[in-house]
Amino acid sequence: MSAEGDNTTQPESQFQKPGDLVERNEDTGVMQVESMCMNCHDNGVTRLLLLRVPFFRDIILESFECEHCHFKNNSIKSAGQIQEKGAKYTLDVENETDMQRQVIRSDTSTFKVETLGIEMPKGDGQLTTVEGVIQTIYESLSSEQSLRKEQAPELHDALVPIIDKLQKIMDRDGYPFTISLDDPTGNSWIAPTTQDSGNKYKRRDYPRTHEQNEELGIAGDPNAVQNEGVAEAEPEDDEIVSGKVYSLPAECPGCSKDCFVNMKKVDIPYFKEVFVWATACEHCGYRTSEVKTGGEVPEKGKRITLSIENEVDLSRDILKSDTCALHSEELEVTVQPGTLGGRFTTVEGLLTEIRDQLHGQIFDVDDTTGAGGDSMASSDKDKWERFFKRLDSAISGEMKFVITLEDPMANSYVQDLCAPAADPQIKTEEYTRTDEEEEELGLKDMKVEGYEEDEKDDKPAEGAAEQTS
């Protein structure tokens with residue numbers, strides 16, 4: 001038995017087997033467990049701490065120390081389940097503040113310094129900063145350069161400029177540079193800030209492939225990938241009919257068992273045709289929906305500004321495509337392209353989705369205390385409370401505000417209540433896409449005109465090659 005007032009639980013016996021609980025501090029929540037040392041194979045102590053990360057989710061900090069050989073190691077584990085979708089974060093590092101952003105790497109994630117074209121291989125999970133990851137890459141590459149110089153001089157010479165650039169980054173002379181963190185489990189993360197604007201910080205959620213599900217050990221049917229994307233035969237339809245539901249066999253992103261994706265074409269008046277996709281898995285209950293637009297690629301992007309004056313405006317239909325960004329100065333809200341995916345809903349419904357997703361990132365679903373994580377400052381808590389209060393007022397129609405949809409593919413839409421006449425509360429303007437937007441959309445190398453002439457020009461050359469051979 002422990003002494004009165006002691007906050008730890010002492011072992012009942014001095015003979016402990018690996019995995020037995022050594023002690024637990026009720027004040028700090030740290031647990032100590034005996035486990036075998038990887039180095040000397042004797043018993044060491046593993047300390048575990050459950051930590052709530054603001055804007056993210058719960059993680060387990062794991063630290064091991066062996067008193068026999070003094071081997072030490074630490075890592076992190078996700079305290080939750082594998083997410084429904086994978087996640088990729090991209091950040092333009094421009095200053096010291098960006099270098100100190102928190103980074104959570106799971107053991108399934110891939111970290112890249114995009115500017116230098118180098119990748120950090122998968123390994124133990126980490127709770128660190130951008131600077132910490134860059135330093136780890138630098139030390140890993142530079143520590144074996146002397147050995148490479150003797151055994152692989154070509155590789156040594158190729159790594160010299162990369163290591164020099166990493167050194168400049170460590171010396172704060174290498175700004176700006178771009179990093180990315182890609183995790184198919186969705187359990188890795190780069191911290192955002194309230195100053196992020198434009199394409200500086202991006203998050204993109206994506207459905208896992210069958211191969212990724214197999215790698216994570218959650219694939220159910222090894223032959224499911226063969227059915228992926230194969231539509232049921234509709235011999236009576238020469239083309240897709242508006243209003244008719246089509247079912248496509250697919251693989252559930254949640255449990256990897258067979259499911260169906262339902263697709264329906266809808267014609268929106270004064271806009272264009274859109275395709276509504278919905279997935280419902282009868283095995284695990286996974287449900288999701290998304291909207292895709294049809295038609296050709298427009299020459300210019302489109303910017304739509306809507307003034308919300310009353311509750312009627314909150315009921316307007318709105319289509320936000322997956323390439324569209326949304327922002328509102330009054331609400332201090334910015335939604336980057338790719339976030340939320342494609343949505344066909346109302347203004348009220350879209351704001352509600354934004355609120356729920358942000359609230360889920362900052363607070364747990366069952367968090368009624370508003371704690372918002374173990375390391376969230378009180379000033380940040382006050383800021384988020386004011387933010388959600390303002391957003392709730394907008395959703396309930398108690399305040400006026402303006403939202404702007406900026407879509408480089410011109411695939412977004414806001415319902416015009418005065419159609420076919422112009423709506424005074426909607427301002428629409430076209431703009432020329434930037435080179436960066438063209439590159440991200442894959443339009444730089446896309447040729448949609450004049451390819452017939454290229455094919456004709458290639459045929460004589462192919463014939464001459466055949467005669468020569």
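Buried here means under 20% relative accessible area, exposed means over 50%, and partly exposed is whatever sits in between (1.4 Å probe, protein chains only). The model is a predicted one, so local features need pLDDT of at least 70 and side-chain atom pairs count only at pLDDT 80 or more, while totals for chains, interfaces and linings use all residues. Numbering starts from 1 along each chain as its sequence is written, and side-chain values use heavy atoms, with hydrogens and water left out.

**View 1. Helix 2, residues 130-142.** Helices (H or I, at least four residues) and strands (E, at least two) are DSSP runs, numbered from the N terminus. The expected span is 1.5 Å times one less than the number of residues. For the 13 residues of helix 2 that gives 18 Å, and the end C-alpha atoms are 18 Å apart, so the two agree. Buried residues in helix 2 are Val130, Glu131, Gly132, Val133, Ile134, Ile137 and Leu141.

**View 2. Helix 2 against helix 4 (residues 153-170).** The two axes come within 10 Å and cross at roughly 145°; axes are lines fitted to C-alpha atoms, for helices over the stretch in contact, with angles running from 0 to 180 degrees between N-to-C directions. The crossing is left-handed, meaning the near helix is turned anticlockwise from the far one by less than a right angle. Helix 2 brings Glu131, Ile134, Gln135, Ile137, Tyr138, Leu141 and Ser142 to the contact (heavy atoms within 4.5 Å). From helix 4 come Leu159, Ile162, Ile163, Leu166, Gln167, Ile169 and Met170.

**View 3. Tyr175 and Phe177, an aromatic pair.** Rings of Phe, Tyr and Trp (its six-membered ring) pair if their centres lie within 6.5 Å; planes under 30 degrees apart count as stacked, over 60 as edge-to-face and the rest as tilted. That rule finds 3 aromatic pairs. The Tyr175 and Phe177 pair is stacked, at 6.4 Å centre to centre with 5° between the planes. Tyr175 is partly exposed because its relative accessibility is 26%, whereas Phe177, at 2%, is buried.

**View 4. Phe387 and Phe388, another aromatic pair.** Here the ring centres are 5.3 Å apart and the planes sit at 70°, so this pair is edge-to-face. Phe387 is buried at 7% relative accessibility, and Phe388 is buried at 8%.

**View 5. Asn411 in its loop.** Asn411 lies between strand 23 (401-407) and strand 24 (413-414). With a relative accessible area of 10%, Asn411 counts as buried. Setting aside neighbours within four places in sequence, Asn411 is in contact with Phe271, Lys272, Thr293, Leu319 and Ser321.
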